[in-house]
Amino acid sequence: MKVIITDCDHESIDIETEILNAAGLGVELLQCRTEEDLISQCEDASIFINQYAPITEDVMKSLTNLKLVIRYGVGVNNVDVSAATKLGIQVCNVPDYGMNEVADHALALMLSLIRKTVIMNDYTKNIKWDFKKSIPIRRLSTLTVGVVGLGRIGRNFATKAHALGCNIIGYDPYYKPREEDGVGFITSVSIEELIKQSDVISIHCPLEGARNLFNEEAFKNMKNTAFIVNVARGGIIDEAALDRALENGDIAGAALDCVEFEPMAPGSPLFRHENFICTPHMAWYSEEAETELKRKVAEEAVRFYKGEQVVYPVNKLS
């Protein structure tokens, strides 16, 4: 079997190469961007390790040797999973490599909004030393934080926000409470109730089934003192509606680590709002998380090559 890394913006693939070579697997790094790149350059691939390149049905039908696609990360929205299943191609991801980092980043963005640290940093440096610009700020223990999506990362974030004294409510139609998860402090509510009750909303759900979940209607139903944070996937928030909500004062502020089209255009109208914070899809990152991610994609490839059960299957093959 031949392993091809379809595309990768990491500084090196030394970790993957060492693990794959030790198992007798060769690996080639490409920088494919389109379906045409993949079809023309990856004819002999049996295993894909993939970051952003589009793994479509046409790509998979054209590459008849392809048996496994492993995503660098959690989301698989650039992989046609249903087509892969139909074609007998296993799809895997790495859902647990950076859950502390993503939860920590969401917490950092939430605190930056609540304590207005970004606004006050800019104001203090460029205008004057005056705390009154920050008014009003609420005490954390008086706030209700709504968590949308109660998977690994959502529960991790909820635990940390709860430790700061926040009241936690959550929405996830697929989550079944288990005592071992240790999140009995979360009150389960409908998405409508969460939107209306929350002082902060933090998004941790997949894009599938949640596109434009936060639209004009949702922003109108939020408290005008509430904040929203998204470290999950671009597209869950309707960015045009968010711009209008910030312009009209329907909400108090927003922080995004991911947007629908990345990188975000320098001229985005959202950038004009002082109560808008944006980071460049970095929530996943720490030195330790990057190492863990690279190790786990390579180890998953080796397991598949050896005929062992994969650990992180996204689809179920008959």
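Residues are numbered from 1 along each chain as its sequence is written, and side-chain values rest on heavy atoms, with hydrogens and water left out. As the model is predicted, local features need pLDDT of at least 70 and side-chain atom pairs count only at pLDDT 80 or more, while totals for chains, interfaces and linings use all residues.

Seven strands form an open sheet in the order 8-7-6-9-10-11-12, with parallel pairing; helices (H or I, at least four residues) and strands (E, at least two) are DSSP runs, numbered from the N terminus, and two strands pair if DSSP finds at least two bridges between them. Strand 8 (187-188) and strand 12 stand at the edges with a single partner strand each, so one side of each is left without a neighbour in the sheet. Strand 10 (residues 227-230) and strand 11 run parallel and are joined by four bridges, with Phe227 opposite Gly253 in strand 11. Helix 10 (residues 239-248) lies across strand 10, strand 11 and strand 12, at about 150° to strand 11. Such angles run from 0 to 180 degrees between N-to-C directions, the axes being lines fitted to C-alpha atoms, for helices over the stretch in contact; contact means heavy atoms within 4.5 Å.

The loop between strand 11 (253-256) and strand 12 (276-278) holds Asp257. Asp257 is buried yet has no salt bridge, and the nearest side chain of opposite charge, Arg233, is 7.8 Å away. Here buried means under 20% relative accessible area, exposed over 50%, and partly exposed in between (1.4 Å probe, protein chains only). A salt bridge is a side-chain nitrogen of Lys or Arg within 4 Å of a carboxyl oxygen of Asp or Glu; for charge, Lys and Arg count as positive and Asp and Glu as negative, with His and the chain ends not counted. A polar atom of the Asp257 side chain does lie 2.9 Å from the backbone nitrogen of Met282. Beyond neighbours within four places in sequence, Asp257 is in contact with residues including His105, Asn230, Glu262 and His281.

Elsewhere, charged side chains do pair, and the structure holds 23 salt bridges. Lys2 and Glu28 form one of them, with the closest N and O atoms 2.8 Å apart. That pair links distant parts of the chain, Lys2 being in strand 1 (residues 2-5) and Glu28 in strand 2 (residues 26-29), 26 residues apart. Glu260 and Arg211 also meet in a salt bridge (3.0 Å, N to O). Glu260 belongs to the loop between strand 11 and strand 12 and Arg211 to the loop between strand 9 (200-203) and helix 9 (216-221), 49 residues apart. Within helix 11 (residues 287-305), Lys296 and Glu292 are four residues apart, about one turn of the helix, and their side chains meet at 2.7 Å, N to O. Lys296 is buried at 11% relative accessibility, whereas Glu292 is partly exposed at 21%. A network of salt bridges links Arg155, Arg178, Glu180 and Asp181.

Most residues other than glycine have a negative phi, and most peptide bonds are trans. A cis peptide bond joins Ile135 and Pro136, with omega about 5°, and the bond from Glu262 to Pro263 is also cis, with omega near 0°. Lys116, not a glycine, has a positive phi of about 60° and is buried at 15% relative accessibility. Asn212 likewise has a positive phi, near 55°, and is partly exposed at 33%.

Key. Polar contact = N/O pair within 3.5 Å; in protein donor to acceptor, adjacent residues only side chain to side chain.
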